[in-house]
Amino acid sequence: MVPLWFTRSGTIARYLKRKVGLVQGLDQGLSICSRSPGGGFGNIATPCLFRSPDTFLIGHRFKSTKPANQVDDVNSSDDEINSQVLDFPGANVSYTTEMRFLAGLNQNRVPCYRVLDDNGDLIVGSDFNQIDHDQVNEEIAVKMYSNMATLQVMDTIFYEAQRQGRISFYVTSTGEEAVGIASAAALREEDVVLPQYREPGVLLWRGFTIQEFANQLFGNNADYGKGRQMPIHYGSNKLNYFTISSPVATQLPQAAGVAYALKMDKKDACVVTYTGDGGTSEGDFHAALNFAAVMEAPVIFICRNNGWAISTHIREQFRSDGIVVKGQAYGIQAIRVDGNDALAVYSAIQRARQIAITEQTPVLIEALTYRVGHHSTSDDSTKYRPLKEIEYWKRARNPVNRFRKWIEANGWWSVKEESELRSSMRKQILGAIQEAEKTEMPPLKELFADVYHVPPGNLIEQDKQLRETINKHPEDYPSNVPL
């Protein structure tokens, strides 16, 4: 039976009788019932109409309100009608006689919060106040910059290693260094991170060593994943950093669940998860925001809107004003931040963390940045975007250069320190690569371990078939992998 909710108002009864003859049709398959108090449609008994399944439903389900709020005079003025309230489950909704659709696209776009201008100068009147300035002291600022510079050197050398055939795959963070590192600086160690794949800066900030990065990329016996994940899929239980997985956006609903667990355990911590603009086109993004909002989970969703989801421009992904407006649709506080401004990212994430924990609510942050590098070593971005655009963002909007100018202006950095840092990091990374290459590979048996305490028959059979194939075609398999 399909319910049709309506009022006891004489106005509506007279209208229906005059217009559609519904009153005379009540004996033709319609029955009247009363919903008891507390049934979800108000705190009083509400009349309802049911029709048999083979009859057509007329009207709108949630048109009824409390009888005390009904308008009984068919000639009631618009003002009287507009003052009525529908006690819809969850919140009261006012009526209107004006047919007005919500705007699909607002011409006034949501502004972007920033603290430093393109020359690295502090913008007068910004919300980056004295308290924030005191927190980003010389020690923190120099560490933030050192990590950004280190990430640049890492990306250059590991990218070259892939091109030399020493590792199979790599993803750079070029152009997006400020988002990962500045956000990590604003978090606490107890905060749980569920990354996408362009957040090595978060690990770097938390103490993941260059050697640990190299071990994962080479998949050797010292890799925490025992060589079973492709390169750049880092993870660290010790640093509260979930292991990266390849499918786009799957980490988002997982993050909402982890945040809800923290809430249930009454932890003074939040969850932070990252995605690109392409990830917001996945269903997981919407499921995650809705779950987090309804369950009031302390999670910060950070979207690196870098303009390109691999080869798809944001104009071809969605028509809305970017990602920030999607938070409002789910009842989530949201802000748009200049992702190439390390101070803006730091202060926004710090405030978002406070909101998430103290108010027990999710927060969405859209960081506007740009992917200067290719999507990965499997991509050639010059095939779908102009070189001029890449060069502009690389030179004029570089987040590392902008932050460097700010710390230099404060007297915290010099040309000499810059040269020493980059030279030292280059030696460390090259040494880590040599060490990773020398380290033994995980034995073949590890391929089938760590899932079941007692391996099931199908895994035992796969293990057997693999060994038989290797024995039959040894030339097709690496000789440095212990059987």
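In which helix is Arg-402 found? In this predicted model, Arg-402 belongs to helix α13, which comprises residues 399–409.

View 1. When neighbours within four places in sequence are left aside, the residues in contact with Arg-402 include the acidic residues Asp-117, Asp-118, Asp-338 and Asp-341. Arg-114, Leu-116, Gly-120, Asn-340 and Arg-397 are also in contact with Arg-402.

**View 2. Helix α7, residues 210–218, and the elements that cover it.** Of the 9 residues in α7, 8 are buried, so that the helix is mostly covered. These buried positions are Ile-210, Glu-212, Phe-213, Ala-214, Asn-215, Gln-216, Leu-217 and Phe-218, and among the elements covering them are α4 (138–163), α6 (200–206) and α14 (415–438). Just after α7, Gly-219 adopts a positive phi of about 60°.

**View 3. Helix α4 and its two ends.** Helix α4, one of the elements that cover the buried residues of α7, contains 26 residues, which at 1.5 Å a residue should span 38 Å; the C-alpha atoms at its ends are 38 Å apart, in agreement with that expectation. At the start of α4, a side-chain oxygen of Asn-137 comes to within 3.2 Å of the backbone nitrogen of Glu-139. Just after α4, Gly-165 takes a positive phi of about 85°.

Key. Residues are numbered from 1 along each chain as its sequence is written. This is a predicted model: local features need pLDDT of at least 70, side-chain atom pairs count only at pLDDT 80 or more; totals for chains, interfaces and linings use all residues. Side-chain values use heavy atoms; hydrogens and water are left out. Buried means under 20% relative accessible area, exposed over 50%, partly exposed in between (1.4 Å probe, protein chains only). Helices (H or I, at least four residues) and strands (E, at least two) are DSSP runs, numbered from the N terminus. Contact means heavy atoms within 4.5 Å. The expected span of a helix is 1.5 Å times one less than its number of residues. A polar contact is a pair of N or O atoms within 3.5 Å; within protein, one must be able to donate a hydrogen and the other to accept it, and residues adjacent in sequence count only if both atoms are side-chain atoms.
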